Amino acid sequence: MKKLFFSALAIVALSSNSFAQKSIMVGGAAMLPTRNIVENAVNSKDHTTLVAAVKAGDLAGALQGAGPFTVFAPTNAAFDMLPAGTVDNLLKPENKAALQGVLKYHVVSGKVDAKDLVKLIKENGGKATVTTLAGGTLTASQDESGNVWIWDANGGKAKVTIADVQQKNGVIHVVDHVLLPKM
C-alpha cells in the first residue's frame with residue numbers, strides 16, 4: 001500500500017453526490033466557502049463539542065490560518081459515544097497536550113476533497129493512508145455502497161456523512177465517530 005502524505009487539517013464527511021456543491025448545510029447552518037474552518041464550524045449546532053475542544057486546545061488560531069487543511073470533523077453525537085467523562089477529562093487544562101493530540105489526529109495537511117480521496121483509495125488497492133498533523137496515520141476505504149470510511153490506528157472507524165464542505169482554507173468532511181491515535 002502506497003503511503004500518501006498530506007500537510008493540512010481535515011474534518012468533513014464524504015458522500016458521492018456532494019462533490020460540486022458550493023455551500024453545504026451542516027448543523028442547520030450554511031457552510032460558506034468564503035469563511036475559514038473555524039468561522040464555519042462555530043455556526044454548526046452539530047459541532048459545538050468540537051468547537052469547544054478546539055478552543056480549549058488553543059488550536060483555533062491554527063485552523064484559521066492559510067492552510068490548506070483537511071479536517072475530519074466529528075459531530076456532537078460522535079463525542080457522546082466516547083466513554084463517560086472522556087470529553088470532560090480532555091477539556092481540563094492539565095490534559096491540553098492529549099486534547100491537542102486527539103484534535104490534530106483529525107487534521108491532514110493539504111486539501112483532499114472526496115473525489116481525490118476516492119481516487120487515492122482506488123489507486124492504492126482499496127485503501128489510502130494519510131498522515132495527520134499529530135504524526136499518526138488514518139486509512140481511508142470505500143465500501144460497496146460507495147460510503148467512505150476513515151480508520152484510526154486502533155481499528156476504530158468513522159463514516160464520512162457529509163463530504164466536501166469547502167472552506168476558504170481547506171475542506172471539512174463530517175464523520176460519525178471520533179478517531180483516536182495510539183495512546
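View A. Trp151 has Lys157 of strand 9 as its bridge partner. Strand 8 and strand 9 (residues 157-167) run antiparallel and are joined by three bridges. Strands here are DSSP runs of E with at least two residues, helices are runs of H or I with at least four residues, and both are numbered from the N terminus. Two strands are said to pair if DSSP finds at least two bridges between them. Five residues sit between the strands of this hairpin, and Gly155 takes a positive phi near 90°. As background for all the views, this is a predicted model, in which local features need pLDDT of at least 70, side-chain atom pairs count only at pLDDT 80 or more, and totals for chains, interfaces and linings use all residues. Residues are numbered from 1 along each chain as its sequence is written, and side-chain values use heavy atoms, with hydrogens and water left out.

**View B. The strand 7 and strand 8 hairpin.** To find your bearings, look for Ala140, whose bridge partner in strand 8 is Ile150. This hairpin has five residues between the strands, and Gly146 takes a positive phi near 95°.

**View C. Two aspartates with positive phi.** What is the phi of Asp58? Phi of Asp58 is near 55°, a positive value in a residue other than glycine. Asp58 lies in the loop between helix 2 (48-56) and helix 3. Phi of Asp164 is likewise near 55°, but Asp164 is found in strand 9. Is Asp164 buried or exposed? Asp164 counts as buried because its relative accessibility is 1%, whereas Asp58 counts as exposed because its value is 52%. Buried means under 20% relative accessible area, exposed over 50%, and partly exposed in between (1.4 Å probe, protein chains only).

View D. The bond from Gly67 to Pro68 is cis, with omega near 5°. Look for Pro68 in the loop between helix 3 (60-63) and strand 4 (69-74).

**View E. Two nonpolar cores.** In the largest nonpolar core, which has 28 residues, Val54, Val71, Leu103 and Ile172 have the most contacts. A second, separate core has 20 residues, including Phe72, Val112, Ala114 and Leu179. A nonpolar core is a set of buried Ala, Val, Leu, Ile, Met, Phe, Trp, Tyr and Cys residues joined through side-chain atoms within 4.5 Å.
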